[in-house]
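Thank you for making the time this morning.

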Amino acid sequence: MADDWNMPEGELMKGRRGVIMGVANQNSIAWGIARQLAAQGAELAFTYQGEALERRVRPLVESLGMNTMIPADVSDDASMDAAFAAIADKWGSIDFLVHSIAFAGKEELQGSMVENTTRDGFARAMEISVYSFIDACRRGAQLMPDGGSIMCMTYLGAERVVPSYNVMGVAKAGLEAATRYAARDLGPKGIRVNAISAGAMRTLSLAGIRGGKSLMSTGRDWSLLKDDTQMEGVAGCALYLLSPLGQSIAGEVIHVDAGFHAVGVPETGE
Ligand SMILES: NC(=O)c1ccc[n+]([C@@H]2O[C@H](COP(=O)([O-])OP(=O)(O)OC[C@H]3O[C@@H](n4cnc5c(N)ncnc54)[C@H](O)[C@@H]3O)[C@@H](O)[C@H]2O)c1
């Protein structure tokens with residue numbers, strides 16, 4: 001992400017509080033979203049995976065003039081209980097929640113899905129990448145008595161075959177279905193649940209996928225805009241979904257990928 005990233009500042013999120021789950025470093029999608037929300041006046045609490053990440057995440061959070069950081073390993077109920085109890089203690093209620101978390105083993109993110117997906121690897125990918133969102137929806141909704149907005153991050157590998165994406169594509173398909181069912185359950189409470197399907201972006205997660213760089217270059221070269229997916233676009237869409245601008249939108253998966261998802265056959269120039 002460029003240091004000179006210019007975000008539209010304003011007060012769209014003034015007086016609104018929310019939880020950002022999934023900042024690991026300055027390249028994390030959750031961090032781009034957090035910056036945009038902060039630039040519009042939101043107050044944020046950050047959950048992070050564990051002590052090992054604190055050194056990287058703390059200076060980022062402090063650069064926004066904020067300091068609410070809570071460790072939360074989504075695969076550990078006690079850790080999630082403590083994290084959401086801390087958020088409830090601090091604020092009582094929240095207005096939005098961003099889930100930007102996924103995991104699959106490196107050995108699973110290459111070659112043949114049929115050969116490389118183990119029982120344990122499948123369970124872990126589904127637990128961390130899908131169940132954790134359902135869990136976050138339940139816990140987040142308990143803190144949204146006046147309604148709110150919840151979102152997660154997905155990828156085209158849920159809908160189409162993408163090299164090496166394998167079990168994560170299966171998990172993302174589950175995540176997109178979970179988004180729709182959560183939107184059904186929480187909609188009557190005034191809570192909107194949606195997902196952003198981002199194009200490939202240079203983050204820690206992408207580095208774990210064999211051939212991740214070519215997912216980025218193909219995503220750019222074949223896209224309608226002939227451009228990389230920009231963090232500003234993802235963050236702007238998140239602001240839209242989490243703010244009053246996104247009212248009446250629920251159970252939706254919005255592609256922010258320079259139009260890559262719409263391409264059936266790429267131009268060859270012939
Ligand atoms: N980078 C891309 O190309 C791309 C494209 C579309 C969607 N996404 C999705 O965006 C989301 C964020 O990924 P990113 O690309 O910003 O990478 P990232 O590595 O910066 O973020 C992934 C986050 O998941 C967290 N996480 C993993 N296991 C966890 C656990 N047990 N408990 C708590 N947190 C845990 C990590 O700490 C990290 O903060 C993921 O859902 C990813 O699948 C990424």
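This is a predicted model: local features need pLDDT of at least 70, side-chain atom pairs count only at pLDDT 80 or more; totals for chains, interfaces and linings use all residues.

Around the ligand there are 27 residues, and the closest of them are A24, S28, M153, T203 and S205, where a residue counts as near if its C-beta atom, placed from the backbone, lies within 6 Å of the molecule. Residues are numbered from 1 along each chain as its sequence is written.

What is the make-up of that shell in nonpolar, polar and charged residues? The shell divides into 18 nonpolar residues, eight polar and one charged. Helix 1 (29-39), strand 5 and helix 7 (204-207) each supply at least two of the shell's residues, and helix 7 gives the largest share, three residues. Helices here are DSSP runs of H or I with at least four residues, strands are runs of E with at least two, and both are numbered from the N terminus.

Let me turn to strand 5. Seven of its seven residues are buried, buried meaning that 20 or more other C-beta atoms lie within 10 Å of a residue's own, whereas exposed means 12 or fewer and partly exposed lies in between. In a regular strand the side chains alternate between the two faces of the sheet. Here G148, I150, C152 and T154 are buried on one side, and S149, M151 and M153 are buried on the other.

Strand 5 pairs in the parallel sense with strand 4 (residues 96-99) over four bridges, pairing requiring that DSSP finds at least two bridges between the strands. I150 is the bridge partner of L97. Strand 5 is also joined to strand 6, again in parallel, by seven bridges, and T154 stands opposite S197 there.

Strand 5, helix 6 and strand 6 together make a right-handed β-α-β unit. Helix 6 (residues 166-186) has 21 residues and reaches 30 Å from its first C-alpha to its last, close to the 30 Å expected at 1.5 Å a residue, that span being 1.5 Å times one less than the number of residues.

N166 is found in helix 6 and is buried, with 26 other C-beta atoms within 10 Å. S248 sits in the loop between helix 9 (231-242) and strand 7 and is exposed, with 5 other C-beta atoms within 10 Å.

Methods
A crossover is right-handed if, with the strands pointing away from the viewer, the path from the first strand over the helix to the second runs clockwise. Ala, Val, Leu, Ile, Met, Phe, Trp, Tyr, Cys and Pro count as nonpolar, Asp, Glu, Lys and Arg as charged, and the others, Gly among them, as polar.
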